[in-house]
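This briefing concerns the structure shown below.

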Amino acid sequence: MSETLTGRGSTERPARRAPGRRPAPRGGLGAHHLAGWLFSTPFLVLFGSFMAFPIVATFLMSFTDFGLRNVTDPMSTEFVGLDNYTRLFQDERFLTALFNTGYFVVLGVPLTLAAGTAVAVLLNRGVNRLRTVFRVGFYAPVVTSIVAVAVVWRFVLDPADGLIAGLAAEVGLTSPDFLGSESLAMPSIVAMAVWRNLGTVMVLVIAGLQAIPDDVREAALLDGANAWQEFRRITVPLLRPTLLYATVITTIGYLNVFEEPFVMTEGGPGTSTLTVSLEMYREGFSFFHMGYASAMAYVLFLVIAAVTVLQLRLLKDNTR
């Protein structure tokens, strides 16, 4: 009788909770959310201070004539509306910089993708010995300081004392002035950029190649396909998502090109290697036309966004 009253020995099962319900966390939802916000606070403070605020301030600044004189007296800044943006497309230097940047992208992106993919295919299957050493060697320029790389390339391309000039002199030839010629300066910088960035594409493509099942390749070979047909008909279509990603990030990086011409040619000779980022730096930090430079930054942002969307629309359908 006592067991029945106290519940001992009872065969009744405890009531089940309604499906889909979870017990409320101890301390209530308020304390649970507060803990999440506390852990997120360091990131939010850093992001707001160094990312969100500068982005908003730069956008607002692009509609003003903000300059050096306004640093100490911000209230004297004048609102000019869209004048900075309309002035950009009447500025021959900016239009030249925009053309040079497009030339750099159109020439550099396909070469980087082709070189990176070729190296990845060779290192994935064609090289058996010292494969890791070669991978590290091709990727090393990516993690090397761009300033150091540019200085080394300036020495290599120097027409008087450079490495190429020395090799040419050994066979009785004269080395051209790669960085001093308006026709050769930009291709020379593109060559350096391709050499430096092919390692990124190589790593991405190797990862994509290793994700392709071996039985797919073996089935193609059994059906009579040769190595080139297997690569073109099987490997490349399965690599399209990887190549799309590599194309997008390489294009974005090349549209922002700054360090290479800044260190190697300073935009010269003339304006043959002047890029949008370099002209933006010149206007903002040499002449302190901050409002005008901010307008350049947002035009470049719109170009990058438009090109990225176009690439995704054109290439995404082929990756399904």
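Trp 195 is partly exposed, because its relative accessibility of 38% falls between the 20% and 50% limits. The model is a predicted one. It holds 13 aromatic pairs, and its largest nonpolar core has 52 residues.

**Aromatic pairs**

- Trp 195 forms an aromatic pair with Trp 153, and the pair is tilted, with 5.8 Å from centre to centre and 55 degrees between the planes.
- Because Trp 153 lies in helix α6 and Trp 195 in helix α8, this pair ties together parts of the chain that are 42 residues apart in sequence.
- Trp 153 is buried, with a relative accessible area of 18%, whereas Trp 195 counts as partly exposed.
- The structure holds 13 aromatic pairs. In the pair of Phe 59 and Tyr 298, the ring centres are 5.3 Å apart and the planes stand at 65 degrees, so the pair is edge-to-face.
- This pair links distant parts of the chain, since Phe 59 is in helix α2 and Tyr 298 is in helix α13, 239 residues apart.
- Phe 59 is partly exposed at 38% relative accessibility, whereas Tyr 298 is buried at 17%.
- Both Phe 59 and Tyr 298 belong to one aromatic cluster, together with Phe 63, Tyr 85 and Phe 301.

**Nonpolar core**

- The largest nonpolar core has 52 residues, and those with the most contacts inside it are Leu 88, Phe 104, Met 192 and Met 264.
- Two or more residues of this core come from each of α3 (83–88), α4, α6 (146–157), α8, α10, α11, α12 and α13.
- Helix α8 gives the most to this core, with 12 residues.
- Leu 88 touches Phe 94, Leu 95, Tyr 292, Ala 295, Met 296 and Val 299, when residues up to four places away in sequence are not counted.

**Pockets**

- The largest pocket has a volume of about 300 Å³.
- Its lining consists of Phe 50, Met 51, Pro 54, Ile 55, Thr 58, Asn 256, Met 280, Ala 297, Tyr 298, Leu 300, Phe 301 and Ile 304.
- Helices α2 (28–61) and α13 each supply at least two residues of this lining.
- By class, the lining of the largest pocket divides into 10 nonpolar residues, two polar residues and no charged residues.
- Tyr 298 and Phe 301 line the largest pocket and are also members of the aromatic cluster.
- The second largest pocket contains about 230 Å³ of space.
- This second pocket is lined by 16 residues, of which Arg 196, Asn 197, Thr 250, Gly 253 and Tyr 254 are the closest to its centre.
- The elements that give two or more residues to the lining of the second largest pocket are α4, α8 (185–210), α10 (227–255) and α11.
- The lining of the second largest pocket has seven nonpolar, six polar and three charged residues.

**Positions in helix α4**

- Thr 117 is placed in helix α4 (residues 92–126). Its relative accessibility of 13% is under the 20% limit, so Thr 117 counts as buried.
- Leaving aside residues up to four places away in sequence, Thr 117 touches Val 201, Val 205, Phe 231 and Leu 243.
- Pro 110 also lies in helix α4, and it is partly exposed, with a relative accessible area of 45%.
- Pro 110 and Thr 247 are 137 residues apart in sequence, while their C-alpha atoms are 8.3 Å apart in space.

**Backbone features in the loops**

- Gly 268 and Pro 269 are joined by a cis peptide bond, with omega at about -5 degrees.
- Pro 269 is found in the loop between α11 (259–264) and α12 (276–286).
- The loop between α11 and α12 also holds Glu 266, which has a positive phi of about 55 degrees although it is not a glycine.
- Glu 266 counts as exposed, at 67% relative accessibility.
- Phe 288 is another residue other than glycine with a positive phi, near 60 degrees.
- Phe 288 lies in the loop between α12 and α13 (290–316) and is partly exposed, with a relative accessible area of 30%.

Conventions
Residues numbered from 1 in each chain as written. Predicted model: local features only at pLDDT ≥ 70, side-chain atom pairs only at ≥ 80, totals over all residues. Heavy atoms only, no water. Helix = DSSP H or I, 4+ residues; strand = E, 2+ residues; numbered from the N terminus. Buried < 20%, exposed > 50% of the residue type's maximum accessible area, 1.4 Å probe, protein only. Contact = heavy atoms within 4.5 Å. 1 Å grid on protein atoms, 1.4 Å probe; cavity = no way out; pocket = protein on both sides within 12 Å on 5 of 7 lines; lining within 4 Å. Points joined across faces, edges and corners; volume = space filled by probe spheres on them. Nonpolar A, V, L, I, M, F, W, Y, C, P; charged D, E, K, R; others polar. Core = buried A, V, L, I, M, F, W, Y, C linked by side-chain atoms within 4.5 Å. Phe/Tyr/Trp six-rings, centres within 6.5 Å; stacked < 30°, edge-to-face > 60°.
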